[in-house]
Amino acid sequence: MDVAVIEPHPALLGPFAILLLSIAIFPLILRQHWERHYQKLCALLATTTCGHYVFALHGGARVQHAAGEYTTFIVVVGTFFVVAGAIHLHIPRPASPLSNVTFLFGGSILANFIGTIGASMLLLRPFLHMNRGRGSAIHVAFFIFTIGNLGGALLPVGPPLFLGYIKGVPFLWTALHCWPQWLTATAALLGIFFVADTIACSRGPTAKTPATRFHCYGKWNFGALLALLLILVFVPNGVREPSMLMVAMVSYFFTPQRVFEANEFSWRPLIEVAWIFLGIFGTMIPVLDYVEFHASDFHFASDARFYWSTGLLSSVLDNAPAYLTFLTAALSLDHFDINRLPDVAEFASGHGSRLAAISVAATFFGGLTYIGNSPNLLIRAIAESRHVPTPGFLTYIIRYALPILIPILGLVGLIFFRG
């Protein structure tokens, strides 16, 4: 649906800025208050912004368009979340550095098909179980790097790339154009992890585990995941969402509750994502319109600037709105409208390097901090509940993100986005 873009007053950007700063700061300094009141803040800011658009700017079509995109977004994220939670993997044997690397590589591939949130829910507990007795902060950090973030770089089945897909970026575009960057970063990360895990393994005792076999409970839900993926790709908008909900409902009600209990399944992560993205979708309407009108003022003259600007904003705020903001700016520089599907598809076919820079940066840089991507805090919380040592906010950045992830991201930028 094509909708008219409205040039907003700069003051309308305030709710979006307040929301992102709140997401970044309050969970760290006022965690209990944030958990009790974040829904109210998201609803208030979104209602204020959308109400102004509807009643003062007569932009009801813009709000309706954003509401439709939000509905699609939550349905896709939620259905993959539910079906992934209906699968429980039991891996009893102690892990070697090689098996850990294999697990993380396979998990990063799987995350591209079921989303980083679903993959984190499915794979983190088996990964910690494999390494029980010697699991450490480095295992948590590299799980966040490879599965929680890089695992979302190839297929748009979750944030941030799904936002581009519903705007008009072809489903397989990132898989066809961004796999060299994904493979380079993933190989470098796993090479570093193999060396670090080998050293850690040689210094500590090997955990003793009972001689039981690998088990997969709820394995029929892999078929449900495939059905979700096929619906996402081939079923048109309007029919797609009810079809995906039907698959998720069948999966949830026909899977024994003991499988969900084994996964310690909870609706809380999905509810939090739903509320936060309600606020994001609502408050981003004037931001996207403003960027479209003023993109030339930002002086983004090269792929390298788009790569680093998108990445750094993704790391300190949230990578989904950062991705959409810079995608809007890139489109506007060439006089394309992000709210017109043909414009976005034409931009993807004619400006591949720029779109790749934005896509790669948004997914990769989300792993620099706990607040850069929605699965990061979820992974940390699950690890802490299993009494696995987890790095604090600053420790994670100083000991893992800056010395390990930043050089690899710099290498990716130097090789692929110099222009």
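**Starting from one cysteine**

Mentor: Let's take C50, which counts as buried because its relative accessibility is 17%; the cut-offs are under 20% relative accessible area for buried, over 50% for exposed and partly exposed in between, with a 1.4 Å probe and protein chains only. Bear in mind that this is a predicted model, where local features need pLDDT of at least 70 and side-chain atom pairs count only at pLDDT 80 or more, while totals for chains, interfaces and linings use all residues. Numbering runs from 1 along each chain as its sequence is written, and side-chain values use heavy atoms, with hydrogens and water left out.

With a cysteine, you'll want to know about disulfides. A disulfide here is a pair of cysteine sulfur atoms within 2.5 Å, and by that rule the count is zero. Take C42: the closest cysteine sulfur to its own is the one in C50, but at 12 Å that is too far for a bond. Seen from the other end, C50 is in no disulfide, and its nearest cysteine sulfur is that of C42. C42 is buried too, at a relative accessible area of 0%.

Now the packing. A nonpolar core means buried Ala, Val, Leu, Ile, Met, Phe, Trp, Tyr and Cys residues joined through side-chain atoms within 4.5 Å. The largest one has 130 residues, and F73, F80, F143, L232, Y307, Y323 and F364 are the members that touch the most others. C50 sits elsewhere: a second, separate core of seven residues includes C50 along with L12, Y53 and I285.

Leaving out residues up to four places away in sequence, Y307 touches A357, V360, A361, F365, L409, V412, G413 and F417, where contact means heavy atoms within 4.5 Å. G164 is found in helix α7 (residues 161-167); helices are DSSP runs of H or I with at least four residues, strands are runs of E with at least two, and both are numbered from the N terminus. At 0% relative accessibility, G164 counts as buried.

What about charges? Side chains of opposite charge can pair when their charged atoms come close. A salt bridge is scored when a side-chain nitrogen of Lys or Arg is within 4 Å of a carboxyl oxygen of Asp or Glu, and the structure holds six of them. One joins E35 to R268, with 2.9 Å between the closest N and O atoms. Since E35 is in helix α2 (residues 31-55) and R268 in helix α12 (residues 268-294), this pair ties together parts that are 233 residues apart in sequence. E35 is partly exposed, at 33%. D289 and R62 make another bridge, also listed at 2.9 Å from N to O. It links distant parts as well, with D289 in helix α12 and R62 in helix α3 (residues 60-85), 227 residues apart. Both D289 and R62 are buried. R240 and E241 meet in a salt bridge at 3.6 Å, N to O, and both of these are buried.

Finally, the outside. L21, I25, F26, L28, I29 and L30 form a nonpolar surface patch with about 510 Å² of accessible area together. Patch members need over 30% relative accessible area and no salt bridge, with nonpolar side chains (Val, Leu, Ile, Met, Phe, Trp, Tyr) joined within 5 Å and like charges within 9 Å; the areas come from the Shrake-Rupley method with a 1.4 Å probe, and for residues only the protein chains shown count as cover. F26 belongs to helix α1 (residues 14-29) and, at 31% relative accessibility, counts as partly exposed.
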